Amino acid sequence: MSSAIDATVTTPGRGHGGAAVRNQSSEPPPEVRRTLVGDLKQIVDDLYQCRDLITQLTKRDVKIRYKQAAFGFAWALLLPASVVLAGMAIRFAVAYSSGKGLHTNDLAGMAVKAVPWAFFVGCLNVATPSLVSNMALVTKIYFPREVLPLSAILAQTFDSTIGGVLVAIVLPFLGVTPSVQLLWVPVLIVLLWILAMGLGLFLSCANLFFRDVKYLVQVFLTFGIFITPVILDASRYGPRGAPLMMLNPVAPILEGLRIVIVEHHNLLQPMSVAGQDTFVFWHPWYLAYTAAWAVGGLLFSAIFFHRSERRFAEIV
């Protein structure tokens, strides 16, 4: 696999934008005294210097994914469509047993949450084995290893963008109209991307040290949909279950997307649901909670990954 991109691999070259490294050592530069700020600055500098490599690896991942694929870009829609169809069956059964109908808003809410959930699942699936699946590159030459999970997640971002565009086309047919609250959508998408990137860095590093991590991730993602408000809204879990459901850092992002797109609600204001027990299921602090997980998780994972990088070649 490495032979196909040997010519494109570059390493940071101060003032040169990168230099070819066919026969360089896989060892990182000599270690210097480390500080958190210094490590973060070095990570950013290295990634900037390797921007061409990131682009080439991302293109490679996209091409490999769709090369000789009978369904082509339709694969990008498979998981979101499966979530919506499964959700429709479950929501229909719940609606029938409760004597209530299934409304178009319910379908729109599931469609809105299916794409970001599929993106999150896809990111963890491709980022976790990204170091192990590129052993030849890791052991042969030195370059910032953060490039590998980053390029994998960028390729997954390309896939999910296709699904997002399709959902945006379908939503008007489900009765969803535009509103000023759509300005929240980019904020929530960025938070989801940061959260996925942080987890991707941490899990790819952990999987290099313990090869069964990827299997644990697959198990978690298989059953994770049941502890994440994808098929059922958080409000369906009642006044006690809804706050517990929102402890999942992904949950406020998915619920936030639903209520700003479908319900036209401002995330800075609480939102309640009426019924046998009227209760508030959305609090503005949920947004801050998720932001803390996303930003804090990315910073922690980046430092952890960077400081573990020195041992990658010997462990592989």
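Guide: A salt bridge is a side-chain nitrogen of Lys or Arg within 4 Å of a carboxyl oxygen of Asp or Glu, and this is the cut-off to keep in mind for the structure above, which is a predicted model.

Visitor: What makes the meeting of arginine 145 and glutamate 309 a salt bridge?

Guide: The N to O distance between the side chains of arginine 145 and glutamate 309 is 3.7 Å, and because the definition asks for a nitrogen of Lys or Arg within 4 Å of a carboxyl oxygen of Asp or Glu, the pair qualifies. The pair links distant parts of the chain, with arginine 145 in the loop between α5 and α6, glutamate 309 in the loop between α11 and α12, and 164 residues from one to the other.

Visitor: Why is arginine 145 called buried?

Guide: Its relative accessibility is 0%, and since buried means under 20%, arginine 145 counts as buried. Glutamate 309, with a relative accessible area of 4%, is therefore buried by that cut-off as well.

Visitor: Which residue meets lysine 113 in a salt bridge, and how do you know that the term applies?

Guide: The partner of lysine 113 is glutamate 255, at 3.1 Å from N to O, and because this value is within 4 Å, the term applies. Lysine 113 belongs to helix α4 (residues 104-127) and glutamate 255 to helix α10 (residues 250-261), so that 142 residues separate them and distant parts of the chain are linked.

Visitor: Why is leucine 221 called buried, and which residues is it in contact with beyond its neighbours within four places in sequence?

Guide: Leucine 221, found in helix α8 (residues 213-224), has a relative accessible area of 7%, and because that is under 20%, it is buried. Leaving those neighbours aside, leucine 221 is in contact with Trp117, Val121, Leu124 and Asn125. The C-alpha atoms of leucine 221 and valine 121 are separated by 6.5 Å, although the two residues are 100 residues apart along the chain.

Conventions: Residues are numbered from 1 along each chain as its sequence is written. This is a predicted model: local features need pLDDT of at least 70, side-chain atom pairs count only at pLDDT 80 or more; totals for chains, interfaces and linings use all residues. Side-chain values use heavy atoms; hydrogens and water are left out. Helices (H or I, at least four residues) and strands (E, at least two) are DSSP runs, numbered from the N terminus. Buried means under 20% relative accessible area, exposed over 50%, partly exposed in between (1.4 Å probe, protein chains only). Contact means heavy atoms within 4.5 Å.
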